[in-house]
4 protein chains.
Amino acid sequence: MHSKLDVAILGATGAVGQRFIQLLDGHPWFRVAELVGKSSAGKKYGEAVNWVLDGNPPSSVTDIVVKPLDAKLDSLLVFSALPKEAAVDREPQLASEGHVVCTNASAHRMAADVPLLLPEINADHVSLIDIQRANRGWDTGALVANSNCTVMPLVMALAPLRQFGIERVIVVSEQAISGAGYPGVASLDIIANVIPYVPSDEDKMETESIKMLGAYSDARVLPYEMLVSATCTRVPVIDGHLVNVSIDLASKPAIDDVIAAWEGYTGDERVAMLPSAPERPLQYLPQVDRPQPRRDRNAGGGMMTSIGRLRECTVLGYKFAALSHNTIRGAAGSSVLNAELLAVSGYLHNFQPEVAVALP
Amino acid sequence: MHSKLDVAILGATGAVGQRFIQLLDGHPWFRVAELVGKSSAGKKYGEAVNWVLDGNPPSSVTDIVVKPLDAKLDSLLVFSALPKEAAVDREPQLASEGHVVCTNASAHRMAADVPLLLPEINADHVSLIDIQRANRGWDTGALVANSNCTVMPLVMALAPLRQFGIERVIVVSEQAISGAGYPGVASLDIIANVIPYVPSDEDKMETESIKMLGAYSDARVLPYEMLVSATCTRVPVIDGHLVNVSIDLASKPAIDDVIAAWEGYTGDERVAMLPSAPERPLQYLPQVDRPQPRRDRNAGGGMMTSIGRLRECTVLGYKFAALSHNTIRGAAGSSVLNAELLAVSGYLHNFQPEVAVALP
Amino acid sequence: MHSKLDVAILGATGAVGQRFIQLLDGHPWFRVAELVGKSSAGKKYGEAVNWVLDGNPPSSVTDIVVKPLDAKLDSLLVFSALPKEAAVDREPQLASEGHVVCTNASAHRMAADVPLLLPEINADHVSLIDIQRANRGWDTGALVANSNCTVMPLVMALAPLRQFGIERVIVVSEQAISGAGYPGVASLDIIANVIPYVPSDEDKMETESIKMLGAYSDARVLPYEMLVSATCTRVPVIDGHLVNVSIDLASKPAIDDVIAAWEGYTGDERVAMLPSAPERPLQYLPQVDRPQPRRDRNAGGGMMTSIGRLRECTVLGYKFAALSHNTIRGAAGSSVLNAELLAVSGYLHNFQPEVAVALP
Amino acid sequence: MHSKLDVAILGATGAVGQRFIQLLDGHPWFRVAELVGKSSAGKKYGEAVNWVLDGNPPSSVTDIVVKPLDAKLDSLLVFSALPKEAAVDREPQLASEGHVVCTNASAHRMAADVPLLLPEINADHVSLIDIQRANRGWDTGALVANSNCTVMPLVMALAPLRQFGIERVIVVSEQAISGAGYPGVASLDIIANVIPYVPSDEDKMETESIKMLGAYSDARVLPYEMLVSATCTRVPVIDGHLVNVSIDLASKPAIDDVIAAWEGYTGDERVAMLPSAPERPLQYLPQVDRPQPRRDRNAGGGMMTSIGRLRECTVLGYKFAALSHNTIRGAAGSSVLNAELLAVSGYLHNFQPEVAVALP
């Protein structure tokens, strides 16, 4: 019989920390054993947390006493929902102590030896861990990141189009409030309003995307060669980031070829069998007014990206809309999927997950 | 002593019709004398209307009995808030009967001899009326249109940049619900959601804009030569259409030159003294997170366009955001300003407005 | 092996009709076989419906051709999401033809021989069907109603307090937009607003509640003797009706006794084992700021009522808040639960559901 | 010629502080001379403030350097938008130094010698200042409060009904987010949701109301004898607090008499001529679905209370809805009106306002 692997969650009382707890409740491989927080340290989780998701925290975690940020941890696998400032030092420190850290923080995403994983499109970047361990003298430890929540739907939609040569991208996002955490956006700022600016996200769109779409070669990731120009706006939506994209494709494919590229996209076959992987990584919706955040964010349990409205762009060639659930696929859910990929790739020390289907 | 000119409003009970009434209440030159509606015909306006603006309808109109759509009208000047289908035939018919029709409907905007006016930027297009009258055998009658409500902020922001040569434009709108009229967008569709599609507005963005920015020459308007690619989305905002714009300017001006072009823009001097003209047609906001629909739509009594966030676009050159009040500047208010321009230009038969400052 | 019972849905393309389809998808006893609509008749459901719930309609129904309202139906069991006007004649007609009609319409709720069921609190009212069949000369047919969506949380919260003698109730509701169907409430009316009036709901609160809480005795339901005064308001919430209640209880119980009455309430034991019954019919939430529509409406799959904030009312005695999901527990879900109760009570002709636990 | 009186604003950068600045811009009697803040001290107001109202701060204040909370002030008249904790000590201290403090803070509202003014209904309470000065040894100083923002519409609606003898009141509020200040309510908590709890407001409804409606007699205010039971909820509305009220009136007036009492209510005649007084203190709206926060909050420049939906309550007698703008009439606007009353009552030392109409 296979036993589950204990995991710790850093920043467990925040909005993304809560998503980690929700998604890991009943997970077939992992079991939440340690919760780490700052102001909540020393309290029982059920008493410390201001649960902002639906319902109440799972009963499996309410009695866990929250540990302080600098506590020594027992769990090999650590999920981090820390704010950037706290993540800068603590995450590599934990990795150096032997922990495998799957982080949602932006602090280390662009480090050359840190994989910025989106398993369906760049599972091979996982090999950067070997480089990372060699570089930094880490043994069992590792540091693996998932992307910014707005970069995510863009990159998932672009990945199947790499075959056509993506040269230029202009993207305007309409982002949900949950992307700013809790308390995050003040209601006086956003109800019946749009804020045409999201601090630092435009830069991330332009840099993280080319790393994620890049090829792993010769012990490094070569950034994908394309120009990205991003505008990020905040709208009064709870969950679900929508991106409106114009693209210039080198090979000028027919419109049906672009749709076929999306519909036929399955991603890495090792990934499709992971517990948190959606049936398909993306779907193309034929309706003229989709995807919509409220109606499509939960596709595939919040792990599937929805694309729609592909049509000609008189300036760049094509334009379309794409949508992902920002706190599931764009944050905690992606991080859990990353950890599952590490598990089947042998990066979680001697942990052997119970895998339904034999790996190739 | 100057007396006011009687005006009629077509489609008076709809959302835009109500804005006409609100804006004309207390107007120094015009007086609402006739109201025209379809299902409300025969009832007193105060009883027929489902007033969707703040407060209640002005007491000056509540006792006016609504006339049917085919009623003979006494007023020389007619404002039309008809839906497109109703406008197609009725508007030219009224013009042929001698009425000057200032319409917000899209039906005739693109007709070659119909001025598509935004007075601050193309007041000279008004001369098309002479062509129109000659073509159609109209005497005192005329048909003049204002643009679509989403085209409006784009065109106002682009007008001062014509000096740099505008070559390509990619624009993504975030449009308020009032743009769809009443009952318009169902609350189940839009609360806490985005609809990434607004029927027919993308086409209008791409065609009306080049007509409005074009030059009047040799008895016609030459479309401005630029490529426009538009994406139109609906967001849960009451009033105020925001456009996120990327532009390619031929002469590659410095960023300060672009801002200076906006800040120095006054528009046609005849227009600045019209009663409904804002102090300045546009303002550039220095804050990083402006313009915002709820906070900036009422600038200049809802007649001023607010621009912000000018910065480099890695793909096209520059990008920025612009905002106008869609039912004031983007609809009824623009139509009233058009009528004021016609008045001082001698197109309202023998009506002489009381103008504070002598015209050149 | 037990086979599933075919069912028909009237008003299948409306908002409540869609909930019926969503809740019956994969139902262990019932299978959607016929869909009935008015304007959509003759079209495939997948093409006719404007799906307003999350995602897309289940693939099991998209190819079903919608039948007209007067079509002869093959299914014994018929769920009705008809508007009141259409329900008045059609529902009894179907019952007279031998169909068992479980309706969400208000048309027949107050008829003396129509059970107004909320199975956990008045399952014995089901015996009214015998009276109804005798009265009306119906054989296998029957007509059974569930309550108005706002009455539902009030009645569920009051039922366990009948032991204390409920004498007077003042209730103010804050109702979700989905209660008005689709297109229903115009977004221009409700975004960032409250409408302090919901047509006809206040009356229903005052009449349906006393029928539902009444005792079945001597072949009729004796209305519960209490005074109810209701105010119904609409708020910009998608799903979930909240009621703020003040009550005067005859026996003046201690506050802990009231909470204990709720926490110990299990309802009729036959009901607890029905497929759509929640684990418990209601829960008492200890947090000072709960229940909240967005966070608590999905408790028990949308079938559980959440109560909170019990405290003294200086005027009537106690006050509290209660919440139910209005289109699940307050509409389609209740109707499905009613049908399940009919099945185990022998009112669905010779249909024998596969019941896990033996009935007493 | 009369010159304006310099005034100071405490808590000037907060949401209510901003309303003070907005309402005092262009005030005929008062001129904003000093701004006081905590974290913003030492900065120019225009740079320190995060302006949450429409548009931008008035240019008349942007260059004023914000003073620290303990700064010595030059202005006789001080408006306070301090949080309760900061107000407790600082407000009486300023009064003891000779300043007249008109405060929106709750800290001293219930002190026996502090007038809790709503000028149209209890202008005579102003005489408490004489008692206060005698008690506390203050010379020119004074401390005057306005009520909580939710108490305000209730009390204004009840005041004209005192003639019928108000015995019992049950009230359920639906409060706007601006009542919680800035950043105040997190958008993740309130978008598409209701929070059925507003900290401490229910107590204030029950205590401040009876003080405000009480009679001034024999050097003190006798609380009005009635029972009030309040439930306070928060809804996703920007501005405007709606209260749903059931009342028991001793003399059982006819429904038309109640409406007549409201419609004929003018309030104290000295008050009607004050610059910030609305034409009438309240209006009764005949429409079945009014008042609504978004449509009626700005009646009378935000200073008028709107009442509607008077009908029978089966439990207490009558029920109705009332609405006031919470940050204008319910906060800063009321405080300014209070100061105007002090001016014409001779409590602002030797300041003589320019009053259009002679006082009796």
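Two strands count as paired if DSSP finds at least two bridges between them. Helices (H or I, at least four residues) and strands (E, at least two) are DSSP runs, numbered from the N terminus.

This is a predicted model, in which local features need pLDDT of at least 70, side-chain atom pairs count only at pLDDT 80 or more, and totals for chains, interfaces and linings use all residues. Residues are numbered from 1 along each chain as its sequence is written, while chains are lettered from A and ligands numbered from 1 in the order in which they are written.

**Stop 1: the sheet of chain C**

Next, pick strand 1 (residues 5–10) of chain C, which pairs with strand 2 of chain C in the parallel sense over six bridges. Which residue of strand 2 of chain C stands opposite Leu10(C)? Val36(C) does.

**Stop 2: where chain C meets chain D**

Show chains C and D together: 35 residues of chain C are in contact with 35 residues of chain D. On the side of chain C that touches chain D, the elements that each supply at least two residues are strand 6 (166–175), strand 9 (227–234), strand 10 (241–249), helix 11 (293–296), strand 12 (305–313) and strand 13 (317–324) of chain C. Strand 9 of chain C gives the largest share, five residues. Coloured by type, this side of chain C divides into 20 nonpolar, eight polar and seven charged residues. Here Ala, Val, Leu, Ile, Met, Phe, Trp, Tyr, Cys and Pro count as nonpolar, Asp, Glu, Lys and Arg as charged, and the others, Gly among them, as polar.

The same surface serves both copies, as 100% of the contact residues of chain C recur in chain D.

**Stop 3: Ala105(D)**

Move to chain D and select Ala105(D), in the loop between strand 4 (100–103) and helix 4 (119–122) of chain D. Is this residue buried or exposed? Ala105(D) is buried, because 24 other C-beta atoms lie within 10 Å (buried means 20 or more such atoms, exposed 12 or fewer, and partly exposed in between, with C-beta atoms placed from the backbone).

Leaving out residues up to four places away in sequence, Ala105(D) touches Ser80(D), Leu82(D), Pro83(D), Lys84(D), Ala87(D) and Glu91(D). Glu91(D) is 14 residues from Ala105(D) along the chain, and their C-alpha atoms are separated by 9.4 Å.

**Stop 4: chain A as a whole**

Finish with chain A, whose secondary structure comes to twelve helices and 13 strands. Its C-alpha trace spans about 60 × 50 × 35 Å along its principal axes. Of its 360 residues, 61% count as buried.

Key
Two residues are in contact if their C-beta atoms, placed from the backbone, lie within 7 Å.
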